[in-house]
Amino acid sequence: MVFSDPRLKALDQLYAVYDQFTGNRNVACQKFCADCCTCNVTLTGLEAARITAGLDENTKQAIRWKLTNLLARPRFIPKITINRLADICAQGGEPPEEVVDPAWGACPLLENKSCPIYDVRPFGCRCMTSFQKCSDTGAADIDDFSLTVNHVFLQVIEHMDKNGYFGNISDMLADVLSGGAVASKTRSGSHHSPRLIPNSPLNTLLIPPGHREKIQPILAALRTIQI
Ligand code: SF4
Ligand code: SF4
């Protein structure tokens, strides 16, 4: 696909770097394994633009209809982004408490345990990488190094869209599909859902000292992407 916004191409390259990392780790996750597909997934406006870029008008309309019925239901509404969290931690501050409950239900896009946008799913879905099937163990089994890598990718993805927005997948797609401004390059004068929060630039990477050496090859791969 040819993109008018070079950031979308960069996002695909970043996803490819992450998928290569995951592919080397022998995780149990695969297509049609959907216990982690909850309505609490979050993403940036740029990621939402990547999802909708590949959808035909009928599919967009079907998603709009689905979201119309689902937007009144409870779901995770983030208070801060990961780069804002990193800034607060770096300043010794206390981040706000977030409320999230997997029992709020399945992702609005999920159909018969299948994700219709699997190839362009956002990083919040992509980063669910468990060494054992959640259906066997009751929860994802993710090691500490993978969590560190996930944080770094989330931070870079937010930075790529630093003038955009972050939010729940339902709110974000509803905004993008109704012609909202979340995927625009600037927030100036834009109108958007009040449930979406502004992204922040990356100032401090959340990498614990014990992972700083091991993560270098991944950082080197990320540096090759023109962001
Ligand atoms: S995180 Fe768990 S439910 Fe999600 S794909 Fe992996 S094994 Fe399946
Ligand atoms: S977007 Fe796809 S992979 Fe992500 S939670 Fe929804 S159905 Fe699952």
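Q: Why does lysine 113 count as exposed?
A: Exposed means over 50% relative accessible area, buried under 20%, and partly exposed in between (1.4 Å probe, protein chains only). Lysine 113 comes out at 51%, so it counts as exposed. You'll find lysine 113 in the loop between α4 and α5, and its phi is positive, about 65°, although it is not a glycine.

Before going on, a word on the model: it is predicted, so local features need pLDDT of at least 70, side-chain atom pairs count only at pLDDT 80 or more, and totals for chains, interfaces and linings use all residues. Residues are numbered from 1 along each chain as its sequence is written, chains are lettered from A and ligands numbered from 1 in the order in which they are written, and side-chain values use heavy atoms, with hydrogens and water left out.

Q: What makes asparagine 26 exposed?
A: Its relative accessibility is 67%, so asparagine 26 gets the exposed label. Asparagine 26 sits in the loop between α1 and β1, and here too phi is positive in a residue other than glycine, near 55°.

Q: How do you know whether threonine 38 is buried or exposed?
A: Look at its relative accessible area: that is 15%, so threonine 38 is buried. Threonine 38 belongs to the loop between α1 and β1. Not counting residues up to four places away in sequence, threonine 38 touches Pro102, Gly105, Ala106 and Cys107, where contact means heavy atoms within 4.5 Å.

Q: Why is aspartate 87 called buried?
A: Aspartate 87 has 12% relative accessibility, so it counts as buried. This residue is part of helix α4. Leaving aside neighbours within four places in sequence, aspartate 87 is in contact with Asn203 and Thr204.

Q: What makes α7 a helix that is mostly covered?
A: Helices are DSSP runs of H or I with at least four residues, while strands are runs of E with at least two, numbered from the N terminus. Helix α7 covers residues 144–160, 17 residues. Of those 17, 12 are buried, including Phe145, Val149, Phe153 and Ile157. The buried residues of α7 pack against several elements, among them α1 (6–23), α4 (82–90) and α9 (216–223).

Q: Which elements make up the chain?
A: There are nine helices and three strands.

Q: Why is the chain called as compact as a globular protein of that length?
A: The radius of gyration is taken over C-alpha atoms, and the globule rule is 2.2 Å times the number of residues to the power 0.38. For 227 residues the rule gives 17 Å and the chain has 17 Å, so the description holds.

Q: What makes a residue part of the shell around ligand 1, and how do its residues divide by class?
A: A residue is near a molecule or strand if one of its heavy atoms lies within 4 Å of it. Around ligand 1 you get Cys29, Cys33, Asp35, Cys36, Met128, Gln132, Lys133 and Cys134. Ala, Val, Leu, Ile, Met, Phe, Trp, Tyr, Cys and Pro count as nonpolar, Asp, Glu, Lys and Arg as charged, and the others, Gly among them, as polar. The shell around ligand 1 therefore has five nonpolar, one polar and two charged residues.

How values were computed. Expected span 1.5 Å × (residues − 1).
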